[in-house]
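I opened a new page for this protein. These are my notes, in the order in which I looked things up.

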Amino acid sequence: MALGTGAASLSPPLQLGGHIGSLLRELRRDTWSKRAAALRQVSGHAGDAAVPDGETRTVTSAPNFLPEVRLVMLGWRWPGKSLTGNTIIGREEFRLERAAEFCVTRQSEVQGRQVTVVDTPGWFSVQDTPLEYKQELVRGASLCPPGPHAFLLVVPVGMFTDVDRARIEEHVGLFGERVWKHTIVVFNWADVLAKISIERYIRREGKELQWVLEKCQRRYFVINNCIFGENPQVEHLLERVEKMVAEEGGYYIPEVEGEKKPLDENQNPARDVRELGARPKQNSRPGLTQAMEVETLPTQ
């Protein structure tokens, strides 16, 4: 018996299989279309969603979208910095004992982007940071070639003093003056503020914290480190990074020798240094009630 060429001539199992395959392809297209629409609603721009292999790309990308994002974490020798890296990656990858003395690099696909996060050794709150720790800190920028798109300076919410400002200036300054153009302050442990807004907290802490924010052109973000997996706040943070990259014209490029602040061996004499960690912040506790992204304060 001759085989027909139409769909009616196919056996029932083959017809059913073809129908299911068609439904699956339609479902996949509908799912990616919804994701693209959600991205456009959040960012306020037409988005370019990732498309599965074999499918036709039907949406256009947001102007600032980066398929690859490279981040370097900076901050005190205490849990907030590594926890923030875990929040961005979406799983527990950075541990205090591993990031205490050496840089740790991890990669993950986050919100359609290939994200590289480098966790660097944290600095001490009151003692001199050993020279080898500073050298390892600076090396972190070279672990995500050709250069990081952003340095995320993690600052725990709490009492911010002139000592805190000096430690930030000392260690961030190791990367050179231009590093500030690629730095975003990330506040965590913000639940200690209760009903106080982040803007009011910044004003309350006075000139020391204001100095840090002015150095990085008042770019800051508040993050909840209690949420892993798909997380709208991580998407918002990455969009903030992409906006900064667009404004500054690209990623961080290390300064030539002579421009960077030299490492002073005499500042950190060889001795047994005990890790103190960051000075405990007042009323701090490891839990956030909500995540919020805030806009910068208007210039007075």
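Helices (H or I, at least four residues) and strands (E, at least two) are DSSP runs, numbered from the N terminus.

I noted that this is a predicted model, where local features need pLDDT of at least 70, side-chain atom pairs count only at pLDDT 80 or more, and totals for chains, interfaces and linings use all residues. Residues are numbered from 1 along each chain as its sequence is written, and side-chain values use heavy atoms, with hydrogens and water left out.

Entry 1, the whole chain. I counted 8 helices and 6 strands in the protein. From the N terminus the order reads α-β-α-α-β-β-α-β-α-β-α-α-β-α. Of the 300 residues, 46% are buried. I then looked at contacts (heavy atoms within 4.5 Å). Among contacts with a separation of 6 or more, 74% are between residues 24 or more positions apart.

Two strands pair if DSSP finds at least two bridges between them. I found an open sheet of 6 strands in the order β2-β3-β1-β4-β5-β6, with mixed pairing. Its edge strands are β2 (104-110) and β6 (220-222), each of which pairs on one side only. Neighbouring strands are turned by 25 degrees against each other on average, direction ignored. Axes here are lines fitted to C-alpha atoms, for helices over the stretch in contact, and angles run from 0 to 180 degrees between N-to-C directions.

How many residues of β1 (residues 68-75) are buried? I get 7 of its 8. β1 runs parallel to β3 (residues 113-119), joined by 6 bridges, and V69 stands opposite V115 in β3. With β4 (residues 150-156), β1 pairs in the parallel sense over 5 bridges. There, L74 is partnered by L153 and G75 by V154.

Why does T116 count as buried? Because its relative accessibility is 3%. Leaving aside neighbours within four places in sequence, T116 is in contact with residues including V69, R70 and L71. I also checked I89, which is 27 residues from T116 in sequence, with 8.4 Å between their C-alpha atoms.

Helix α6 (residues 198-205) lies across β4, β5 (183-188) and β6, at about 120 degrees to β6. Helix α7 (residues 207-215) lies across β4, β5 and β6, at about 140 degrees to β5.

For helix α8 (residues 232-248) I checked the length. The expected span is 1.5 Å times one less than the number of residues, so its 17 residues should span 24 Å, and the end C-alpha atoms are 25 Å apart, which agrees. Buried residues in α8 include Q233, V234, L237 and L238. G249 follows α8 and has a positive phi, near 80 degrees.

Methods
Buried < 20%, exposed > 50% of the residue type's maximum accessible area, 1.4 Å probe, protein only.
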